Number of protein chains: 2
Amino acid sequence: MVATTKFDFEEFVASKRMLVDAHLAEYLATGTPEVLYESMRYSVLSPGKRIRALLCLAAAQAIDEDAHRVALPCACAIEMIHAMSLIHDDLPALDNDDIRRGKPTNHKVFGEAIALLAGDALLMLAMETIANHIPSSIDKSIVVKVISELARATGAPGMVGGQVDDIAFTGGKLPADKLTMLNSIHLRKTGSLIRFSTWSGATLAGASQEQQNNFAAFGEILGLAFQITDDLLDVTGSAETLGKTPGKDAEANKLTFVAIEGIDKSKAKLVDLQREAETALAKTGVSKQSLIYLESLLQMAINRVS
Amino acid sequence: MVATTKFDFEEFVASKRMLVDAHLAEYLATGTPEVLYESMRYSVLSPGKRIRALLCLAAAQAIDEDAHRVALPCACAIEMIHAMSLIHDDLPALDNDDIRRGKPTNHKVFGEAIALLAGDALLMLAMETIANHIPSSIDKSIVVKVISELARATGAPGMVGGQVDDIAFTGGKLPADKLTMLNSIHLRKTGSLIRFSTWSGATLAGASQEQQNNFAAFGEILGLAFQITDDLLDVTGSAETLGKTPGKDAEANKLTFVAIEGIDKSKAKLVDLQREAETALAKTGVSKQSLIYLESLLQMAINRVS
């Protein structure tokens with residue numbers, strides 16, 4: 001049974017990644033100016049784990065076995081937003097990173113002007129992809145809701161707002177309750193897009209309002225778990241396993257879970273989060289069997305540091 | 001008759017500007033991080049001509065006297081996109097401008113990181129505003145279409161793409177047919193958002209497909225006219241009338257209509273464009289009286305340099 005499940009999960013990950021990559025390539029295939037599309041493709045089509053897309057598709061399939069096709073344009077839009085956030089974060093005005101996923105960052109290849117504009121263009125292409133490519137079987141009021149939620153998850157109430165808080169508190173004036181601030185930063189900076197991933201997949205597949213809330217909660221908790229594993233890996237990982245330079249957080253005097261709580265307490269927090277995430281999944285009322293891919297994605301996240 | 005019309009137009013401009021400003025202030029009123037919203041407000045609420053919003057509202061009213069309320073969220077979204085484009089364009093990675101509308105540019109006040117992120121947040125807030133604030137009387141399929149068209153007008157197929165071409169050909173390798181390239185740059189860089197302004201106003205007000213096309217054509221032509229007047233003003237204007245440093249185009253060896261064609265031919269081109277724009281309006285089949293505000297906005301654009 002375990003062997004079969006493992007096989008299924010690997011097959012799920014491989015086949016869905018291929019599906020996502022193929023559709024991303026199609027959405028980014030043609031267009032002028034050529035250099036702009038090259039820059040967009042460079043970051044979006046760079047080999048990635050596609051965790052957010054997989055979460056969106058797994059949530060959709062949990063509700064309806066065949067709904068991954070319905071959720072596919074949304075899964076691709078999420079990957080565009082994620083790629084865009086990396087391009088802008090890597091710019092000299094922000095993190096000033098030269099290497100990303102083991103390759104030169106976008107602005108190192110295309111220059112700062114093109115990298116900045118490629119990020120802007122990807123934000124718009126993500127919206128266009130949802131507006132134009134979600135199948136017509138989905139009610140347009142749901143499409144509008146998905147666009148609204150993605151705009152919030154990405155913009156000031158979500159990712160961008162978290163990034164601003166992160167800048168404000170990195171190496172600067174720390175608040176009295178550092179842990180609360182850090183939770184708030186991560187819920188926005190990485191959590192909101194992961195929350196959107198599971199919420200949108202379930203919603204497009206026809207989840208009830210209560211199910212939508214529980215899939216959203218699962219994503220939010222998973223997002224925090226990812227952040228803590230990232231913080232841990234920055235301390236314990238190598239450049240090879242990370243695809244980027246380790247130790248950068250400490251060097252930048254960055255506010256991280258590990259910096260505040262230490263390695264052991266951070267690992268204990270991960271165990272708590274795993275339990276919370278499983279509770280949220282159980283509350284969806286969906287069968288254990290249908291949730292297997294989401295469970296496995298959670299396990300995969302935790303396994304990175306154990 | 002002329003006096004009455006003039007009075008009406010001034011009243012239209014003043015009242016609609018106030019309406020747009022009030023709604024923009026409301027959409028940007030609250031939110032954290034405070035510094036991010038301050039930065040967004042700094043650029044969006046800075047006193048501006050609101051030409052794009054006025055065009056959207058005037059096109060809506062041309063179709064249906066009362067439709068300006070329906071089009072208002074879209075008009076505000078357009079102004080957010082316009083403000084965002086100025087913030088990113090002014091960054092050191094692009095035009096590196098210190099002064100905009102007579103005030104320090106966004107990054108001069110808030111720093112490059114916040115300015116970059118405020119631009120990203122405004123792109124998302126524009127989408128959220130359309131998704132959430134267009135009245136429920138409008139069919140959701142039209143809302144989705146408006147979002148899709150705004151994403152195209154703003155992204156790689158529109159404004160951002162034009163900006164990339166502009167960078168590629170400024171002070172660099174010029175193409176054989178400079179005028180064709182310049183037209184193409186401007187149709188995207190400034191034309192596409194102005195085209196969207198008139199198209200979306202008419203569409204939200206219930207215009208037929210053919211009317212939509214003609215309102216779009218009018219906006220596109222008007223966008224070119226604006227660009228030529230801008231180019232002319234850069235040569236003939238003062239810092240006071242421009243709100244920015246004149247002569248920057250020539251200094252940057254920028255490809256402009258005036259640089260290629262000279263002042264006289266550029267002025268003759270404006271006359272041609274005015275005729276084309278009036279033809280597009282006539283083709284909408286809407287009464288002369290209903291088109292009076294759009295006609296007046298066209299005249300206002302041309303008058304800037306005559």
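**A tour of the two-chain model**

Select α10(B) to begin: 22 of its 28 residues are buried, so this helix is largely enclosed by the rest of the structure. The model is a predicted one. Helix α10 of chain B covers residues 209–236. From first C-alpha to last it reaches 40 Å, close to the 40 Å expected at 1.5 Å a residue.

Next, display both chains and select the residues where they meet. Here 43 residues of chain A are in contact with 43 residues of chain B. On the side of chain A that touches chain B, at least two residues each come from α2 (34–44), α6 (112–133), α7 (140–154) and α8 (159–169) of chain A. The most is given by α6(A), with 14 residues. Coloured by residue class, this side of chain A divides into 27 nonpolar, 10 polar and six charged residues.

The same surface serves both copies, as 100% of the contact residues of chain A recur in chain B.

Finally, turn to the largest nonpolar core, which has 197 residues. Those with the most contacts inside it are Leu122, Ile130 and Ile147 of chain A and Leu122, Ile130 and Ile147 of chain B. Centre the view on B:Leu122: leaving aside residues up to four places away in sequence, B:Leu122 touches B:Met40, B:Val44, B:Met80, B:Ala83 and B:Met84.

Conventions
Residues are numbered from 1 along each chain as its sequence is written. Chains are lettered from A and ligands numbered from 1 in the order in which they are written. This is a predicted model: local features need pLDDT of at least 70, side-chain atom pairs count only at pLDDT 80 or more; totals for chains, interfaces and linings use all residues. Two residues are in contact if their C-beta atoms, placed from the backbone, lie within 7 Å. Helices (H or I, at least four residues) and strands (E, at least two) are DSSP runs, numbered from the N terminus. Ala, Val, Leu, Ile, Met, Phe, Trp, Tyr, Cys and Pro count as nonpolar, Asp, Glu, Lys and Arg as charged, and the others, Gly among them, as polar. A nonpolar core is a set of buried Ala, Val, Leu, Ile, Met, Phe, Trp, Tyr and Cys residues joined through C-beta atoms within 7 Å. A residue is buried if 20 or more other C-beta atoms lie within 10 Å of its own, exposed if 12 or fewer, and partly exposed in between; C-beta atoms are placed from the backbone. The expected span of a helix is 1.5 Å times one less than its number of residues.
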